Amino acid sequence: MSKQVTLTIDGIQVTVPEGIVVADAAKMVGIDIPVFCHHPKLEPVGMCRMCLVEIGRPVRDRATGEFVMENGAPKIQFMPKLETACTNKVEEGMVVLTQTEKSREGQKSTVEFLLTSHPLDCPVCDKGGECPLQNLTMAHGPGKSRFIYDEKLRLGKHVPLGNLIVLDQERCIQCARCIRFQNEIVGDAVIDFDDRGRGTKIVSFSDPGFDSVFSGNTTDICPVGALTTRDFRFEARPWELDAQASICTQCPVGCNTTLNTRREPRAGGDITVQRVMPRQNEEVNEIWICDKGRFAYHYAESKKRLSRPMIREDGKLVNSSWDAATKLAADRFLEAKKDFAVLVSGRLSNEDLFTVKMLVDRSEGTGYLYSRMGGGEMTSLVGMSGGSNFANMGRGTTIVVVASDLYEEAPIWYLRVKQAADRGATLIVLNARETKLDRYSSYVVRYAYGDEMKSVQDLSRKTKIGDAFTQAENAVILFGSDGLGIAGSAGLASACATVLQDSGHAGKPNNGLIGVWERANDQGAWEIGFKVEENLAEVLQGRTVYIIGADPVSDDPNLAKALEGAAFVVVQDVMETATTEIADVVLPAQAFTERDGTFTSGERRVQRFYPAVPVTGEAKPDYAITSQIASHMGVTLEGTSVSVLFDGLATSVKSFEGLSYARLAEVRPQWPIVGRGDMYYGGTTYENKHGMGAQLSAAATRGETVDIPQIDKEAAPRPKEKELLAVPITRLYDRGTTVMMSADLLRDRIGGATIALHPDAAQNLGVEEGQLVNVSFDGVSGDAVVKLDDTIPVGVALIPRSMGLAIREPVPANVRPQR
Amino acid sequence: MEHILLRHRDIAEFNTLNVYKKNDGFAAYKNAVTKMTPTEVTQVVKDSGLRGRGGAGFPTGMKWSFIDNKNWPHYIVANADESEPGTFKDREIMEGNPFQFLEGLAIACYAVGANVAYIYLRGEFWELAAFLDEKIAEMEKEGYLGDKLFGGEYSLRMYTHLGAGAYICGEETAMLESLEGKRGQPRVRPPFPPSYGLYGKPTVINNVETFANVPPILARGANWYKSLGTADSAGVKVFSLSGRVRKPGNYELPFGTTFRELIYTYGGGVQDSRSVKAIMPAGASSSLILVNDEKVLDTPMDYASVRTIGGDLGSASVIVIDDTVPIDWLVNKTVHFFNHESCGKCTPCREGTYWMSNITERIREGRGVAGDVDLLLNVAKQMQGKCLCALGEFSTMAVVTGIERFPEDFKKAVSKA
């Protein structure tokens, strides 16, 4: 524990950690010193002057260094001027007065000054109702304006800083919280002040504007209504909104969110999600979420939602009853015997997956995890376990990121890793190409495609980088599938697990392996025992297939062809997809916003989500549908209570042992204090009242013998002479369902199919930047726009996944210019 | 009297290296580096009673001794921003007597252990920056700057840097930000530059004129320097005289010279032989000294005495206001200046100067109302003690003293409405 300091604030004696500022110390003991520019996550700047207080310090004897005593107490000397509570650090014996006439006058003056230029358009301002300026004006401001209204500045009311964030220049109080967030926390310095004095205004100087995937957070910490999102702007008033705890489903980070809902006239009076807000979990996402998590939620209210079970009659899908549809599916599954195949995705909750797993285990069928990445078994052995937290990593910790572009794949992990590096952690980035994280790393290794495993194995060698890894007190490896398919990523995971175990970095908190998966609950699927299949198209051929939460038909023409040849196809999903179109039975599932359950994040943290909106039509939760099918197959599975299901999971799967819904709902004290009935000191992020989740145990932590499966074959193919090897990469805003349903909002971020080539490769092919080309490989053919990138090898082309070209793994490709 | 700082007025071509050298140029510097320890140099400056000439009058030697010797490297920045309205002394020193300034800067660098010095000039001084670059190059050629100077271990280099036209960059921490390539906005203090300065390293910042005083002090000794001026304000000062006087200009005089001597003996008296109504002794940042009694003009110009008549000597840019000048007009001009130059970082200054500017503007244009003068005074006082740096505080000086000391002018202006 850090050294403690005792001081007195408004007569209350408080003991707080050394080095913190007075404003934070006051907050810790429930005293609100008003602030605007100060934010507990940002460096102090002392610019808004709202937190002016009287500060007295004990007088020390110059000779002895002891306090000078006066009437039995240390003599306190006050400075003649008020001081800012946000820049002065606590000192032993300090006396702070926040409520004296002098302090109150200081605070009142600052509010009055701020209001001289402020438009006071609260009745039409989105922030009204959750606005620090509004609250602090009520608490500290003068009742009457002495500033002549007609002399107020007239500035831009709708200035887009980018496609997502709109600036109201009149409302801005120049606190620079947004700028400082982007500079200090994110490292995307794309906005700043222009001009000076009263002309100071925020501008974006990136193209596209405000080019950062964290931009939405600035609207949370903006203490006025100056920054609003294009999504929520003019949509609802904060006091009309209900709030429900949820978990973001966009990536494996598992950010804690709050879904704000209300009855929406445009939805015929239905209750819909109005916005997604961060919910504090300092062990996961702190008080931030990325823009994909914030904006790409509109699919849940899509018109394409499935609302009734359907069965195919005379070649057409027609409405059916639940009983008839599940009976039909069950009959076919039984008939299929060994040919019964189940495809599940990480869209499903732990409870859903557990139910499916039990069904598979009690039938003659096989279950597969639908994912383009392998290696999950390794994370059950040496993955992150209880007590791990990126926030505790700094000096002494080495973080390795291999074959992953975290900024695009899991933005909040990017943020957490970057901050750990800022705190002194050694960051090693291994990748075949440049990624945004390189600039925060101590070491960058640029391996050749095909050398992924070797670059990891080299970490155990006696080199500078090797020592930085093996000698580290704690070590974490995040592995992904940048440039890799299932085989490549599985091999990579095996290499990672081996070096972690060999160097003693397994089986203890803040050590271990993290998979940068495609979906929110891929980790849960691996833990429950599902595996991926490299030759999925072959395997599905001719079988009776039960597809849950996946759309293989739009994802991959080879899979589409395989499913055409399937004996019978049952699809269970939330939306109409290309796969439901070919299905024989369609079963409507509830979206995660409509039900409860748990997801397991890549850090192996199990977290609960809660129902926020009413159910769409007759849709049921996935586990209930599976259970209903099972009952028709003569298998009794729990189908009504998620918590009972979870208890079953906790007793059957070792890593879940000891966990329960009650345990997951536990909340620990967190700093900073946010979201209470305060003055929005930490921003409008929500306080966590619904649980911070709990991490799974790993085989290594349980003291079991850990036998890491060794994968000897080459991790991935290498580019060959006179051949162009196309490799998959991941983009945050892809053309997947969730993003495309929010496409209007994210349009200038998504783009279309692209192929990145080295300039020399492009020259050899006779193509130029921006040119449309035809790309074909392995049964796939499509158009893509050429992008030049001189950081990649000449023999390699980068193709983003889910952007129109179905790339699963590294594959030789043909590129032809389009005439 | 022979000049100590403006020696170019006595000796022709004094801004050339040869002439400067012939007149004992660089002797003090060479002596310091080859025969004295840094601590000894600092001690001489301390003993001389030299105070900073930028305005605050902080004891120079003491500032040097504050530098954090546990944290290296050290830097020195010469403040050549000279942006205070009515101040034009540093420019003349740099143009006429550049080597004395650079020699003083070099000695200071040696005293605090800095191997690099930056000279931060206001953007309008671009010709001067080029001129100084030439002088620095000459010094390098002659072995006064560079590596292993005078056969010893000490190395020193100097660089000029141009600002981009912001008054605030004369404030020392805003200058450091600007020098680092950031927006020129002041930092929160503490920490102060001697412990956390340029690039976060211990840094001493002094005014051009301060540095120019150092070579003669080392050459002739602390006692000689102390014998000039007054007990509280040792030495000589270049007074920039402007306003309604017949002969505005720079006058190098010992501290303690009276306003009357400056204005009448040297400045040739007030234009049109009118009487002095007010004096701004420190440019636009001044309090307005009320001259309702001839005795006020007999006040000696030193730090302590000027305080007794309700002002601060500051950078000693004496602006003389005669009885033709309405004080509400003058206050409007100063407030307009500060509103234009406020950097916008802190609320009271950004909003307060804007608000005061609005009020003084309408008073001046005859649109003022009865409550306006009280409001103006109230807003100014409301700013005091709350701003992040001195700019905001100084913007209220003329307003408060103007209204309090010249109430009739404001009454008249408001009654026009």
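1. Two residues are in contact if their C-beta atoms, placed from the backbone, lie within 7 Å. Helices (H or I, at least four residues) and strands (E, at least two) are DSSP runs, numbered from the N terminus.

2. This is a predicted model: local features need pLDDT of at least 70, side-chain atom pairs count only at pLDDT 80 or more, and totals for chains, interfaces and linings use all residues. Residues are numbered from 1 along each chain as its sequence is written, and chains are lettered from A and ligands numbered from 1 in the order in which they are written.

3. Chain A holds 25 helices and 37 strands. Among its contacts between residues at least 6 apart in sequence, 73% join residues at least 24 apart. The C-alpha atoms of chain A fill a box of roughly 90 × 65 × 60 Å along the principal axes.

4. Helix H4 of chain A spans residues 177–186. Its buried residues (20 or more other C-beta atoms within 10 Å of their own C-beta, placed from the backbone) are Arg177(A), Cys178(A), Phe181(A), Gln182(A), Ile185(A) and Val186(A). They cover an arc of only 135° around the axis, taken from the directions from the helix axis to the C-beta atoms, so they lie on the same side of H4(A).

5. The cover over these residues includes strands S11 (191–194), S12 (201–204) and S13 (227–229), and helices H5 (217–221) and H11 (411–422), of chain A. Gly187(A) follows H4(A), with a positive phi near 85°.

Note on methods
Buried ≥ 20, exposed ≤ 12 C-beta atoms within 10 Å, placed from the backbone.
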